[in-house]
Amino acid sequence: LIFIATVLTHLTGGSSGREGAALQLGGSISSKIGRVMGLDDKDERIITMCGMAAGFSALFGTPITAAVFAMEVVSVGVMYYAAIVPCTLGAVIAKLTAEQIGGEATFFALPEIPQIDALSIAKALAMGVLCALLSAIFCYVIHKTPKLYAKYLPDPVQRAAAGGFFVILLTLFVQSRDYNGAGMEVIERALQGEASSGAFALKILFTAITLGAGFKGGEIVPVFFTGATFGCVAGGVLRLPASFGAALGMTAVFCGVTNCPMSSILLAYELFGGEQLGLFVLCIAVAYT
C-alpha cells in the first residue's frame, strides 16, 4: 500500500520524497521475516533496522549513512550499537544489488569549497543557527497542517480532494513544476549555486499540503530540497560559495529535522566526498544543538 500510494502521489504531482516508502518497505519486510524466524523482541528490532538501512541505502547509494541512520533514528539520543554489523552488511548488500539492476549512488561534486580559517568557521556556525531555525519551522508546519485538515475536513476523502486541489492551484499560481514530486533536479541546481530566494518556503508549503492531506512518500528529500535551496541563498548572504552553502544547508537541515547528527555528518562525507568535513561537522553540530 505504501508503495502504490507513493507512486500515485508522485504520478499526480504531489510534493513528497521516496525514502519514507523505502524505510517503511524495508522495515516492514524485515520485521515480517523476523517474526517468521521466531526472533525475540531485541533481535526483531535489529532485523527491522537492517531492513530500514537496506531501503535507505538502495535508494541513495549511501550505505554508511544508511546503517547509522537506521540505528540513530529509532530512538533519539540512543544508539543501538548491537545492530552495527547487521545494519552495515544489509546496507552494503542493498547498495550493490541496486547497482546491479540499474540504480546509481547519489554524489555531488561541489564547484567551489572554501578553506578552513577563522572566517569560514564563523560563517559555518552562523549557517548552523539559521538552519536550526529553518528546521524548527519545517517541523512545525509539517506537524500543524494535518491537524488543520482534520479540524475542518474530518472526512479523509475530502482531505485528499482538498489537498489535490490546493497543490494544483499552487502549481498554477507559481507557474512552475519545480515543487511537484521529489525535486532532485532543483537540488542539483542549488548545489551548483543556482536557487531562487523563495524556493525553500514554497517547498515547505507544497510538502505540508501534500502530506497533510494524506498523500504518501516521505519528508527527507523535501528536507534536502529545503536545506539546499535555503543554504544556496544564505551562503550568498554570508559570502560563502553558494554551492557550498547549499551543501551545508542540505545536511544541517536534515540534522535539525531528524535529530540524527552522526548520520548527517556521514551523509556529508558520502554525498560530497568529505572535503573540508570540519565545516560540515560544525554547522551540523550547531543545528542539532
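Visitor: Which residues does Thr 251 touch, not counting residues up to four places away in sequence?

Guide: In this predicted model, Thr 251 sits in helix α11. Leaving out residues up to four places away in sequence, the residues that Thr 251 touches are Ser 264, Leu 267, Ala 268, Phe 272, Phe 280 and Ile 284.

Visitor: Does Thr 251 count as buried or exposed?

Guide: The cut-off that matters here is that a residue under 20% relative accessible area is called buried. Because the relative accessibility of Thr 251 is 0%, the residue counts as buried.

Visitor: How many of the 12 residues of α12 are buried?

Guide: The buried residues of α12 include Pro 261, Ser 263, Ser 264 and Ile 265, and Glu 270 is also one of them. The helix is largely enclosed by the rest of the structure, because the number of its 12 residues that are buried is 9.

Visitor: How far apart are the end C-alpha atoms of helix α12?

Guide: Helix α12 covers residues 261–272, and at 1.5 Å a residue its 12 residues should span 16 Å. The model agrees with that expectation, because the end C-alpha atoms of α12 are apart by 16 Å.

Visitor: Which helix gives the most to the lining of the largest pocket?

Guide: The largest pocket holds about 340 Å³ of space, and of the 19 residues that line it, the closest to its centre are Glu 19, Gly 20, Gly 217, Gly 218 and Glu 219. At least two lining residues come from each of α2, α4, α10 and α11. With 5 residues, the helix that gives the most is α2.

Visitor: How many nonpolar residues are in the lining of the second largest pocket?

Guide: The second largest pocket, with a volume of about 170 Å³, is lined by Phe 3, Thr 6, Val 7, Arg 18, Ala 21, Ala 22, Leu 25 and Leu 59. By class, the lining has 1 polar residue and 1 charged residue, and the number of nonpolar residues is 6.

Terms used:
Residues numbered from 1 in each chain as written. Predicted model: local features only at pLDDT ≥ 70, side-chain atom pairs only at ≥ 80, totals over all residues. Heavy atoms only, no water. 1 Å grid on protein atoms, 1.4 Å probe; cavity = no way out; pocket = protein on both sides within 12 Å on 5 of 7 lines; lining within 4 Å. Points joined across faces, edges and corners; volume = space filled by probe spheres on them. Helix = DSSP H or I, 4+ residues; strand = E, 2+ residues; numbered from the N terminus. Nonpolar A, V, L, I, M, F, W, Y, C, P; charged D, E, K, R; others polar. Buried < 20%, exposed > 50% of the residue type's maximum accessible area, 1.4 Å probe, protein only. Contact = heavy atoms within 4.5 Å. Expected span 1.5 Å × (residues − 1).
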